[in-house]
Amino acid sequence: MDIYVWIPLIFAGLFLITDAAMLIRMITLLKKNKESTAGDLGDKLNPYLYATGAISVLMAICMILATVLR
């Protein structure tokens with residue numbers, strides 16, 4: 001395979017693993033805090049949601065760069 005195929009595959013795999021880890025972390029956080037209010041949970045989950053959004057943007061940028069540089 002060409003290097004332009006391997007680079008996006010590696011980055012996509014890393015981003016997917018990170019997204020899965022954050023999803024698991026959010027689920028465990030929700031299970032631990034069943035008695036919390038929505039406001040409390042929102043404050044605890046916001047960093048994970050922001051990180052997931054940032055990772056999605058980074059993945060899109062990597063795919064665009066890989067396509068353009070190809």
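Colleague: At what angle do helix H1 and H2 pack, and how far apart are their axes?
Modeller: Helix H1 (residues 3-32) and H2 pack at about 170°, and their axes lie 10 Å apart. Axes are lines fitted to C-alpha atoms, for helices over the stretch in contact, with angles from 0 to 180 degrees between N-to-C directions. H1 is therefore roughly antiparallel to H2, a term for angles over 145 degrees.

Colleague: What kind of model is this?
Modeller: This is a predicted model, in which local features need pLDDT of at least 70 and side-chain atom pairs count only at pLDDT 80 or more, while totals for chains, interfaces and linings use all residues. Residues are numbered from 1 along each chain as its sequence is written, and side-chain values use heavy atoms, leaving out hydrogens and water.

Colleague: Which residues of H2 are buried?
Modeller: Leu41, Leu45, Ile55 and Ala66 are buried in H2, where buried means under 20% relative accessible area and exposed over 50%, with a 1.4 Å probe and protein chains only. H1 is included in what covers the buried residues of H2, judged by contact, that is, heavy atoms within 4.5 Å.

Colleague: And Ile64, buried or exposed?
Modeller: Ile64 has 54% relative accessibility, so this residue counts as exposed. Ile64 is found in helix H2 (residues 38-69); helices are DSSP runs (H or I, at least four residues) numbered from the N terminus.

Colleague: Where does H2 bend?
Modeller: H2 bends by about 40° at Leu45, and the proline Pro47 follows within four residues. The bend is the angle between axes fitted to the seven residues ending at a residue and the seven starting there.

Key
Helices (H or I, at least four residues) and strands (E, at least two) are DSSP runs, numbered from the N terminus. Angles under 35 degrees count as roughly parallel, over 145 as roughly antiparallel, 65 to 115 as roughly perpendicular and the rest as oblique.
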